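The following questions and answers concern the protein chain shown below.

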Amino acid sequence: MIANVTTTFLKAEKAFKQEKYSEAKKLLNKVIDHDKDFYTAYLLLYDLYNIKNSPQKNVIYKELKRLNLDLDLDHKPINIKSQKKAVNDGLDIIV
């Protein structure tokens, strides 16, 4: 548990501005673990995952929508396509 959630968020914000993304991510996750409704922490984490082009931004977007139904964010989901094998007449086909 963290002593002061606001202080931890401010440290995360500073790390983000300094492009220390792994540190910012770690701190933001601590904030969210402590307070599941800390909206600005989710916004910053979304920005971080968006910069990194990480599929995790899809998960964070859902949390942002949970907290703000009127969210106006230009979200472009990252699709993860898994390769599935299908067998058709003895031939392996990647779908």
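Q: What percentage of the residues in the protein chain is buried?
A: The model is a predicted one. Burial here requires a relative accessible area under 20%. Among the 95 residues of the protein chain, the buried share is 32%.

Q: What pattern do the helices and strands of the protein chain follow along the sequence?
A: The protein chain contains four helices and two strands. Read along the sequence, these elements give the pattern α-α-α-α-β-β.

Q: Which element gives the most residues to the largest nonpolar core?
A: This core comprises 23 residues, and F9, L28, A41 and I60 touch the most other members. The elements that contribute two or more residues to the core are α1 (5-17), α2 (21-34), α3 and α4. With seven residues, the element that gives the most is α3.

Q: Which residues does I60 touch, not counting those up to four places away in sequence?
A: I60 is one of the core residues that touch the most other members. Contact requires heavy atoms within 4.5 Å. Once residues up to four places away in sequence are set aside, I60 touches Y42, L45, Y46 and Y49.

Q: Is the ring pair of Y46 and Y61 stacked, edge-to-face or tilted?
A: The whole structure holds three aromatic pairs. In the pair formed by Y46 and Y61, the ring centres are 6.4 Å apart and the planes meet at 50°. Planes under 30 degrees apart would count as stacked and those over 60 as edge-to-face. Because the angle is 50°, the pair is tilted.

Q: How many residues apart in sequence are the parts that the pair of Y46 and Y61 ties together?
A: Both Y46 and Y61 are buried. Y46 lies in helix α3 and Y61 in helix α4, so the pair ties together parts whose separation in sequence is 15 residues.

Q: Is P55 buried, partly exposed or exposed?
A: P55 is located in the loop between α3 (39-51) and α4 (56-67). Residues under 20% relative accessible area count as buried and those over 50% as exposed. The relative accessible area of P55 is 33%, so P55 is partly exposed.

Q: How far apart in space are P55 and I80, C-alpha to C-alpha?
A: Leaving aside neighbours within four places in sequence, P55 is in contact with I78 and I80. P55 and I80 are 25 residues apart in sequence, and their C-alpha to C-alpha distance is 7.4 Å.

How values were computed. Residues are numbered from 1 along each chain as its sequence is written. This is a predicted model: local features need pLDDT of at least 70, side-chain atom pairs count only at pLDDT 80 or more; totals for chains, interfaces and linings use all residues. Side-chain values use heavy atoms; hydrogens and water are left out. Buried means under 20% relative accessible area, exposed over 50%, partly exposed in between (1.4 Å probe, protein chains only). A nonpolar core is a set of buried Ala, Val, Leu, Ile, Met, Phe, Trp, Tyr and Cys residues joined through side-chain atoms within 4.5 Å. Rings of Phe, Tyr and Trp (its six-membered ring) pair if their centres lie within 6.5 Å; planes under 30 degrees apart count as stacked, over 60 as edge-to-face and the rest as tilted.
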